[in-house]
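User: Hi! Could you walk me through this one before I set up my calculations?
Analyst: Happy to, let's have a look together.

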Amino acid sequence: MSAARALRPPARRTGLWIIGILVCCAVFIAVYEYFVRSTSGQWVEYAMLDAAAERVTPLSARGFDLWWLSPVIVALPAVVFLVIVLARQRFLAGLIAAVSVVGANLSTQVLKNVWLDRPDLDNGVPFWTGNSLPSGHTTLAASMAVAVFLVSSPRQRPFVAVLAAFYAGLVGAYTFTETWHRPADVIAAYLVVAAWALIGGWLVMRTGPEWNTAVVDYEPETAPLAGLAWFLGVTLTVVAVLCFLFSGGWSGVALAGEEPSLWHWFAGLLFSIGPGFLMAAAGINLFGAETGRRQRGAPVPSPKGEAVQYPIPPEFSELYRV
């Protein structure tokens, strides 16, 4: 691609962002319909949650008081968020990121408590609680981490995305091991946050084109950390599937209530972490591709797509004559 064609404003392909949001919504619906509303999906989740309840002792049962978990989930990324916003004076981006956090958490609460239900199917799966999808704790952790991602510079975003996946994954895995949430609840929370991250990311790039545009030949390096996130996400998810095979496949799932398998606990743990890295990897690639490009010392290309005209040195004018 020529240097002239490489010049572009940030977030210029709005359709790509809309497709990403629609994909998040479609996958969310698929997760809900299978794991919550189908017999086989409920059995798969029951096998993982029952293994967590019967084969592993949660921290709360060991005497650890966890009242401070929610404040810590908010406080750690909030401090980093405020430092970046104040130091870089990215106040509008900070406001957009904050609205995205509120939107993600309100969406989770409305989806979980108003719109979605968990049917009590006559399939032998104990009806422990009502609907718990998406996970509120995971939404809170992931959305706070995404807020830091949105106000970070294009060069810092890949690193922040990987840290965000670790952070949200730890919280998601913890809620599973404590049997607060099923793995599908955690995955659904990632998808809710991802949709709001795309909405907020498009607005941040469009309203802050100067700091969301990189100089050609000095562009952010996304491949190494995106590759790491893809590797971790694919590996953890595939190993989670293999854990079901090691436990006996569907035969092992059918015995979940009688003989909880530690393999199912491992599967639930990995399913609570792996998809977060997959979404982080996709985010790194998308935000990297949609970062603006400009020549050094030149203005940011127009979002309307007009060509940027650069003066031609007199000694080369003959080369441009038709």
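Analyst: What follows is a chat about salt bridges, cysteines, annotated spans and cavities in this predicted model.

User: Great. How many salt bridges does the structure hold?
Analyst: There are four salt bridges. One of them pairs Arg13 with Glu290, with 2.7 Å between the closest N and O atoms. That pair links distant parts of the chain, 277 residues apart: Arg13 sits in the loop between helix H1 (3–6) and helix H2 (14–35), while Glu290 belongs to helix H12 (residues 274–290).

User: Is Glu290 buried or exposed?
Analyst: Glu290 is buried, with a relative accessible area of 1%.

User: Which residue does Arg118 meet in a salt bridge?
Analyst: Arg118 meets Glu45, at 3.6 Å from N to O. Arg118 lies in the loop between helix H5 (91–115) and helix H6 (136–151), and Glu45 is in helix H3 (residues 39–55), so the bridge ties together parts that are 73 residues apart in sequence. Arg118 is buried, with a relative accessible area of 10%, and Glu45 is buried too, with 1%.

User: Which residues do shared partners join into one network?
Analyst: Glu33, Arg37 and Asp117 are joined that way by salt bridges. Within that group, the side chains of Glu33 and Arg37 meet at 3.6 Å, N to O. Glu33 is partly exposed, with a relative accessible area of 39%, and Arg37 is partly exposed as well, with 36%.

User: Changing topic: how many disulfides are there?
Analyst: The count comes to zero. Take Cys24, which is in no disulfide: the nearest cysteine sulfur belongs to Cys25 and is 6.8 Å away. The cut-off for a disulfide is 2.5 Å between the sulfur atoms.

User: And is Cys24 buried or exposed?
Analyst: Cys24 counts as buried because its relative accessibility is 12%, and the limit for buried is under 20%. Cys243 is buried as well, with a relative accessible area of 3%.

User: OK, on to annotations. Which residues does UniProt list as "transmembrane region"?
Analyst: The unreviewed UniProt entry lists 15–35, 66–86, 91–111, 131–151, 158–175, 187–205, 225–250 and 262–287. In the model, residues 225–250 are 88% helix and 0% strand, with the end C-alpha atoms 36 Å apart. Residues 262–287 are 92% helix and 0% strand, and their end C-alpha atoms lie 38 Å apart.

User: Now cavities. How many of 30 Å³ or more turn up?
Analyst: A search of the whole structure finds three. The largest cavity has a volume of about 80 Å³.

User: What lines the largest cavity?
Analyst: The lining includes Gln42, Tyr46, Leu49, Phe127, Trp128 and Arg182. Glu45 and Arg118 are also among the lining residues, and those two form the salt bridge we discussed.

How values were computed. Residues are numbered from 1 along each chain as its sequence is written. This is a predicted model: local features need pLDDT of at least 70, side-chain atom pairs count only at pLDDT 80 or more; totals for chains, interfaces and linings use all residues. Side-chain values use heavy atoms; hydrogens and water are left out. Buried means under 20% relative accessible area, exposed over 50%, partly exposed in between (1.4 Å probe, protein chains only). Helices (H or I, at least four residues) and strands (E, at least two) are DSSP runs, numbered from the N terminus. UniProt positions are given in the numbering used here, feature names are shortened, and annotations may be inferred rather than shown by experiment. On a 1 Å grid over the protein atoms alone, a cavity is a set of points where a 1.4 Å probe fits but cannot get out, and a pocket is an open set with protein on both sides within 12 Å along at least five of seven lines; lining residues have an atom within 4 Å of a point. Grid points are joined across faces, edges and corners, and a volume is the space filled by probe spheres set on the points.
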